[in-house]
Amino acid sequence: MKRRLLLIAAAFTILGSTAACTVESASSEKTSTHVAGKADAALKELEGKVLSKGPHGETPVAAKAVELSDEEVAKVKGKKATAALVMHYAGNDWANAQIAGLKAEFARLGIDVIAVTDANFNPGQQVSNIETVLAKHPDIVVSIPTDPVATAGAYRKVAESGAKLVFMDNVPEGLKAGVDYESVVSADNFGNGVVSAHLLAKALGGKGEIGVIYHSADFFVTRQRYEGFLKVIKEEYPDIKIVKEQGIGGPDFAGDAQKVADAMIHQNPKLAGIWAVWDVPAEGVMAAARSAGRNDLKIATEDLGTNVAIALAQDQLVVGLGAQQPYQQGVAEARIAAGALLGKKAPSYIALNALPVTHQNVLEAWKQVYNSEPPADLKKAMKK
């Protein structure tokens, strides 16, 4: 009899435990569904909108504001102008897409691109590149500064040379729009940070410990991403805890991020996700996760580079990102510069909206971001 009572008690204990697990599971599922709905609604609300302000607090203007008429295009072609592209870093898909957009639009406008330089994120190298470019006497210089202070003097020389100066994303200290340069064209970098925050929160079900890897340089657009991400996580997802934030300075951004992520993973056993400031650092995070056997880690980032796009297609590690539209940014920059040759004034800040990218839409997003079909490797990686 005693044995029978013990068996009954044990059965009730098991049933109670099972019921508790079932209730907990149902509650967790309900929370995840609520978070997913909240994130999806926020992303829907962001469609077509730009949240960022310009480097000096300017209100963003859409790229359609700098389109050229057929008559204006004909006049530009008659000038037989030249252009130089002075990049901060040319080693990723974003830079290559910017250059492709610029070259394609300059070709349409009859403008000859006579130089493309790469500073590898070194301000001293960029100053040297600018001096080399100025010796070629270009009519147009399109550039993105590596450092707003260290390169300011060199860009002032560009302005004094009479070349029409257009910036991507960042502006050197002390230069004024409409006086020293024509305009700055950017993605909605604050918006990209916001997008990536909602996508990571959705993937985590609104809770868990995460790490954050930001860009430690004084770089306007990467700082905006970081601020946008933090604002959303801290204000809208209180059950997501940031347990570690660390900056990287490069130029080996993938390698530096891998070291940081490796430490985060090993020092925080419950770490559920990591945010990286753009796709190249995210590649380092992926490498660290694989090395640690953490294929369950959720990674969010910005910029639709090839490797993170393949990870999205495979539905592995990368759960979502906010994408810029670099090709279209390049087109807008070329149009601003061409218009300036005709004395046409552009808005001081042009911005293109952020694009949320997930496993479901990565192939379509690639077409929009790069103005081309997805590469064969990306199509092949797509998990059905």
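This report covers the pockets, the cavity, the salt bridges and selected helices of a predicted model.

## Largest pocket

The largest pocket has a volume of about 570 Å³. Its lining is made up of 31 residues. Nearest the centre of this pocket lie Leu43, Leu199, Lys202, Pro356 and Thr358.

Four elements each supply at least two residues of the lining: helix H1 (2-46), helix H6 (189-204), strand E10 (318-323) and strand E12 (355-357). Helix H6 gives the most, with five residues. By class, the lining of the largest pocket holds 14 nonpolar, eight polar and nine charged residues.

## Second largest pocket

The second largest pocket holds about 160 Å³ of space. Its lining includes Pro55, His56, Pro148 and Val149. Asn170, Val171, Pro172 and Glu173 also line this pocket. Asp218, Phe220 and Arg223 are lining residues too. The classes here are six nonpolar, two polar and three charged.

Two of these lining residues, Asp218 and Arg223, form a salt bridge with each other. Their closest N and O atoms are 3.0 Å apart. Arg223 is partly exposed, with a relative accessible area of 34%. Asp218 is partly exposed as well, at 45%. Phe220, another residue of this lining, is buried in helix H7.

## The cavity

The whole structure contains one cavity of 30 Å³ or more. The volume of the largest cavity is about 150 Å³. It is lined by 15 residues. His88, Trp94, Phe219, Trp278 and Asp303 lie nearest its centre.

Helix H7 provides the largest share of this lining, three residues. The lining of the largest cavity divides into seven nonpolar, five polar and three charged residues.

## Salt bridges

The model has 15 salt bridges. One of them pairs Arg335 with Glu105, with the closest N and O atoms 3.0 Å apart. This pair links distant parts of the chain: Arg335 sits in helix H11 (residues 326-341) and Glu105 in helix H3 (residues 93-108), 230 residues apart. Glu105 has a relative accessible area of 6%, so it counts as buried. Arg108 joins in too: Glu105, Arg108 and Arg335 are linked in a network of salt bridges.

Another salt bridge joins Glu45 and Lys49. Here the closest N and O atoms are 2.6 Å apart. Lys49 is partly exposed, with a relative accessible area of 40%.

## Helix H3 and Gln98

Helix H3 also holds Gln98. Is this residue buried or exposed? Gln98 is buried, because its relative accessible area is 0%, and buried means under 20%.

Which residues does Gln98 touch, leaving aside its neighbours within four places in sequence? Its contacts are Met168, Pro326, Gln329, Gly330 and Glu333.

## Helix H7

Helix H7 (residues 220-236) has 17 residues. From its first C-alpha to its last, H7 reaches 24 Å. That is close to the 24 Å expected at 1.5 Å a residue.

The buried residues of H7 include Phe220, Val221, Thr222, Gln224, Arg225 and Tyr226. Gly228, Phe229, Leu230, Val232 and Ile233 are buried too. Several elements pack against the buried residues of H7. Among them are helix H6 and strands E5 (183-187), E6 (208-215) and E7 (240-248). Strand E8 (271-276) and strand E9 belong to this packing as well.

## Helix H10

Which residues of helix H10 (residues 306-314) are buried? They are Val308, Ala309, Ile310, Ala311, Leu312 and Ala313.

The cover over these buried residues includes helix H9 (279-291), helix H12 (362-370) and helix H13 (376-381). Strands E9 (298-302), E10 and E12 are also part of the cover. Strands E10 and E12 supply residues to the lining of the largest pocket as well. After H10 comes Asp315, whose phi is positive, near 60°.

Key:
Residues are numbered from 1 along each chain as its sequence is written. This is a predicted model: local features need pLDDT of at least 70, side-chain atom pairs count only at pLDDT 80 or more; totals for chains, interfaces and linings use all residues. Side-chain values use heavy atoms; hydrogens and water are left out. On a 1 Å grid over the protein atoms alone, a cavity is a set of points where a 1.4 Å probe fits but cannot get out, and a pocket is an open set with protein on both sides within 12 Å along at least five of seven lines; lining residues have an atom within 4 Å of a point. Grid points are joined across faces, edges and corners, and a volume is the space filled by probe spheres set on the points. Ala, Val, Leu, Ile, Met, Phe, Trp, Tyr, Cys and Pro count as nonpolar, Asp, Glu, Lys and Arg as charged, and the others, Gly among them, as polar. A salt bridge is a side-chain nitrogen of Lys or Arg within 4 Å of a carboxyl oxygen of Asp or Glu. Buried means under 20% relative accessible area, exposed over 50%, partly exposed in between (1.4 Å probe, protein chains only). Contact means heavy atoms within 4.5 Å. The expected span of a helix is 1.5 Å times one less than its number of residues.
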